[in-house]
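Student: Hi! I have a structure open on my screen and would like to talk it through with you. Could you have a look?

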Amino acid sequence: MQKKPTKAVVVLLDSLNRHMLGCYGGREFETPNLDRFARRALRCKNHYTGSLPCIPARHDILVGAMDFLWRPWGSIELWERPITYELRLKGIPTMLYTDHPHLFETGGENYHTDFFAWEYTRGHESDPWKTREDPSWIGTPALPAGTRNSQTIGKGARATVPIQQYDLSRTWFREESDFPGPRTMLGAASWLKEQASHQDSFMLFVDEFDPHEPFDTPAPWANKYDPEWSDELIIWPPYAIGGIEKGIITERQGRHIRANYGSKLSMIDHWFGKVLDVMDEEDLWNDTLFILCTDHGHYLGERDLWGKPAVPQYETLGHTPLMIAYPGVSAGTTDALTTNVDIHATLMDLFDLESHYLSHGKSMLPLLKGETENIREWAIGGVFGRWVQIQDGRHKYARSPVDTGFPLSMWSNRWSTMPINAMPGLRLPNPDHRAWLDFMPESDIPVIRQPFVEGDLLPYWSINPPVDEHYLFDISQDPEEENNLVGQRAERHMKELLHAALTELQAPDEQFARLGLA
């Protein structure tokens, strides 16, 4: 085995559905470049989400500590450091290319600051880039599409939130390469071509928001998978349970939305190919670790679920793709159980770094080198205040809070969580007189701990938590998750495993209580 590579490229494609990629058996949409990368990579078959959704998943990857048991979507805290901080201390350059707007909002505002350099591509989703439409936009490649506050769906229902920033931004795109995804990928490819050969060591991190909504593409991608559609494009999917059954969208609109996701997927796959082209042209594969990952999937009608609604992480959303190319390692597959904090641990191992706080990942380098077949016995994940899920490679157990769903506390010194600019009534209140100072595991930095009780306004993704709603599936026998085994013999084992996992993570005592595991 040759010596460890000194360079790393990480490409995160947001909301990337594993089951829709050709290299994972998908046949619905075209993904030739992701499939091309898979032909030189180790393809992980049992990779699962950890902390959710978007920013918590990036916390897993960049910080290596699953925070969903302590706090919701939020920024990097005082007692922890991202890998970019450690690389900076070691003198290793890091570069971020991204069009992800949440990295530049309250709740995600300090994930980019320790990169040696960063480039933010403007104009995606909620990015406050423009204040009005381009008055000369007629004739640009953006096809007519319903705005988020005017899009008619289902039985004439219309969304009630104010206009999305993207509905203004999209009018300023003059050609396909002006769309945020293509611009981000072109920027990353140019950096590799101009800089990689001049650096002895580096980490390039590409945080690409595609194929996340809005599912907006120009020709030839628009309606590529729905050529019969003649109305305005529906680029904003609903976030709904029972979307068709409840009349939120029609069955025909659902097929169109799913097709538009496919168009976005195929478009970003095409531009991802530009990064692979440079890797080939500059012969970078010989000294570079290359990781392709995501934060989570996206429901597009499976179980009549749409978006990321308040349900357990079924396979569609929680079972995600992970592919790693490592010099000297042949392409193939692994059945080893992995999760997103393991990406952080792998990068720390690659660059010979040590965490100075409690982290939760397991390095995958021994797996890549063939030194072991497994790195962990369980993988845990969830959304703050909701289900806590655990899987052992066969069973998946999603345990909800019991009784009232409390006690529950938020541990944070930054008090920075997802903003709801359009809905100020849902903004999280400041800590109050009930808060006290506590300590995170293995840290001597005091942290504000704010308890919540029934009736309090909870963080956005934690509103209306489920209660006494548990799920257990044998994924090996029931991949469609149709047979809930709660109450059967296997549940006892999974409850014990969940208790052991929470103990190893040093989770707050209240998590054991609220999950009925005390």
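Student: Which residues do ring pairs link into a cluster with W129?

Tutor: The cluster holds W129, Y166, F173, F179 and W236, linked by ring pairs. Keep in mind that this is a predicted model.

Student: Good to know. How many aromatic pairs does the count come to?

Tutor: The count comes to 21 aromatic pairs. One of them is F104 with W118, a tilted pair with 5.4 Å from centre to centre and 45 degrees between the planes.

Student: Where do F104 and W118 lie?

Tutor: F104 is in the loop between β4 (94-98) and β5 (117-120), while W118 is in strand β5 itself, so the pair ties together parts that are 14 residues apart in sequence.

Student: What about W285 and F290, how are their rings placed?

Tutor: Their centres are 5.5 Å apart and the planes make 40 degrees, so W285 and F290 form a tilted pair. W285 counts as buried, with 11% relative accessibility, and F290 is buried at 0%.

Student: Switching to charges over rings: which ring does the charged end of K274 sit over?

Tutor: That would be the ring of W271, with the charged end of K274 5.7 Å from the ring centre. There is also R303, whose charged end sits over the ring of Y314, 3.8 Å from its centre.

Student: Now cysteines. How many disulfides does the structure hold?

Tutor: Zero disulfides. C44 is in none, and the nearest cysteine sulfur to it, in C293, is 11 Å away.

Student: On to sheets. What is the strand order in the open sheet of five strands?

Tutor: The order is β3-β15-β16-β17-β21, with mixed pairing. At the edges stand β3 (51-52) and β21 (471-474), each with a single partner strand, so one side of each has no neighbour in the sheet.

Student: Which helix packs on that sheet?

Tutor: Helix α10, residues 489-504. This helix touches β15 (379-383), β16 (388-391), β17 and β21, and its direction makes about 70 degrees with that of β17.

Student: And how many bridges join β17 to β21?

Tutor: Four bridges, and the two strands run antiparallel, with β17 covering residues 395-399. A398 stands opposite Y471 in β21.

Student: What about the open sheet of three strands, what is its order?

Tutor: That sheet runs β18-β20-β19, with antiparallel pairing. Its edges are β18 (408-411) and β19 (436-439); each has a single partner strand, so one side of each is left without a neighbour in the sheet. From one strand to the next, the twist averages 45 degrees.

Student: Which residue is the bridge partner of W411 in β20?

Tutor: R449 is. Four bridges join β18 to β20 (residues 446-452), and these strands run antiparallel.

Student: I also clicked on E77. Where is E77 found, and what is it in contact with?

Tutor: E77 is found in the loop between α2 (54-63) and α3 (83-89). Leaving aside neighbours within four places in sequence, E77 is in contact with R71, W411, S412, N413 and R414. E77 counts as buried, with 4% relative accessibility.

Student: Last one: how many residues of helix α8 are buried?

Tutor: Nine of the 10 residues in α8 (residues 341-350) are buried, so the helix is largely enclosed by the rest of the structure. Among them are H344, M348 and L350. Just after α8, D352 takes a positive phi of about 60 degrees.

How values were computed. Residues numbered from 1 in each chain as written. Predicted model: local features only at pLDDT ≥ 70, side-chain atom pairs only at ≥ 80, totals over all residues. Heavy atoms only, no water. Disulfide = S-S within 2.5 Å. Pairing = 2+ DSSP bridges. Contact = heavy atoms within 4.5 Å. Axes fitted to C-alpha atoms, helices over the stretch in contact; angles between N-to-C directions. Phe/Tyr/Trp six-rings, centres within 6.5 Å; stacked < 30°, edge-to-face > 60°. Buried < 20%, exposed > 50% of the residue type's maximum accessible area, 1.4 Å probe, protein only. Lys NZ or Arg CZ within 6 Å of the ring centre and 35° of its normal.
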